[in-house]
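Hi,

Here is the model I promised to pass on.

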Amino acid sequence: MPLINNPSILLTFDVEDWFQVENFKEYISFSTWNSFELRVEKNTHKILDLLDSFSFKPNATFFILGWIAEKLPELVRQIHQRGHEVASHGNDHHLCRNLTEPGLILDLKSSKERLETITNSRVYGFRAPSFALDDRVLQAIAQAGYLYDSSYNSFSAHGRYGKIDLPNSTNALYRIHKDFFELPISNLKIKNIVIPLGGGGYFRLFPFPLFKLGMASILKQDKTFVFYAHPWEFDPAQPRVEDASRGFKFRHYINLHRTEKKLRALISSFDRYKFITCKDFIDQQR
Ligand SMILES: [Zn+2]
């Protein structure tokens, strides 16, 4: 595989609503999802408008939950029409590792087809809910017809993140089969220590100057930065799940009011880099 010639930043967003996150599963059952007001549409528009406000028009990848796509097909079309990549986050935010083989394949294929029907375009990418990946899940993703998976997060201290066997790679992209790739979330590696720096709660927690330093170091080393966030992280006014544990509430609610400003600062600080979709990035490396 050639070395990466054009350092790139891959902004990715997992499109789901606040009541669908793994941390709140214990308190909010799937059967009650229909009773909540959907806030994901306006929150995703905040992200789309933020991206559009830059003159150089950064492109991003949106891993959309099938459950959301079914309710808000116009949002999926908007994302696609505004030049971003539409990819799958599964249908119902079940952890892939907990699904049976037939159930997993069905979820992978049907979520992909649902998005393809709405956009009338092929869907190439998948991200597993909560990064809960293993080798069996990875093979199923390939088998379901995806070009790439972007679910591997090397920060092993987070109990839910999965582990997989990766081939050697000289860059941030791993070729698993001839036509199937793994594009991991970026983390900072200092010797054997992995510092979570790909986005989400860690992006909200770390002061921006520190995050920026870490990000610059990752870009120097990998020539690529894969960032992730969720539309609910741009919504400080979302309803609060007071019953949840203190730890879950801290992770979910810390600095929500700062996310938008921080993402704007991230894009401005690294505006000499290319902001491209995961699919375009893979095409450049093949
Ligand atoms: Zn998710």
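Two housekeeping points first. This is a predicted model, so to speak of local features I need pLDDT of at least 70, and side-chain atom pairs count only at pLDDT 80 or more, while totals for chains, interfaces and linings use all residues. Residues are numbered from 1 along each chain as its sequence is written.

Helices (H or I, at least four residues) and strands (E, at least two) are DSSP runs, numbered from the N terminus. I call two strands paired if DSSP finds at least two bridges between them. A residue is buried if 20 or more other C-beta atoms lie within 10 Å of its own, exposed if 12 or fewer, and partly exposed in between, with C-beta atoms placed from the backbone.

Start with strand S2 (residues 60-64). Five of its five residues are buried, so S2 is largely enclosed by the rest of the structure. Ala60, Phe62 and Ile64 point one way, and Thr61 and Phe63 the other. S2 pairs in the parallel sense with strand S1 (residues 8-15) over five bridges, and there Leu11 has Ala60 as its bridge partner. S2 also pairs with strand S3 (residues 85-88), again parallel, over four bridges; here Ile64 stands opposite Ser88. In S3, Glu85 and Ala87 face one way, Val86 and Ser88 face the other, and all are buried.

In the loop between S1 and H1 you'll find Val21. Val21 counts as buried because it has 21 C-beta neighbours inside 10 Å. Leaving aside neighbours within four places in sequence, Val21 is in contact (C-beta atoms, placed from the backbone, within 7 Å) with Glu16 and His252. The C-alpha atoms of Val21 and Pro129 are 8.6 Å apart, although 108 residues separate them along the chain.

Now the helices. In H3 (residues 73-81), Leu75, Val76 and Ile79 are buried. They cover an arc of only 100 degrees around the axis, which puts them on the same side of H3; the arc is that of the directions from the helix axis to the C-beta atoms. On the other side of H3, Glu74 and Gln81 are exposed. The cover over the buried residues of H3 includes H1, S2, helix H2 (66-71), S3 and helix H4 (101-119). Just after H3, Gly83 has a positive phi of about 90 degrees.

H10 (residues 278-285) has Cys278, Lys279, Phe281 and Ile282 as its buried residues. These cover an arc of only 160 degrees around the axis, which puts them on the same side of H10. Among the elements covering them are S1, S2 and S3.

Ile190 stands opposite Ile193. Two residues lie between the strands, and Lys191 in the turn has a positive phi of about 55 degrees.

Cheers

Notes: Two residues are in contact if their C-beta atoms, placed from the backbone, lie within 7 Å.
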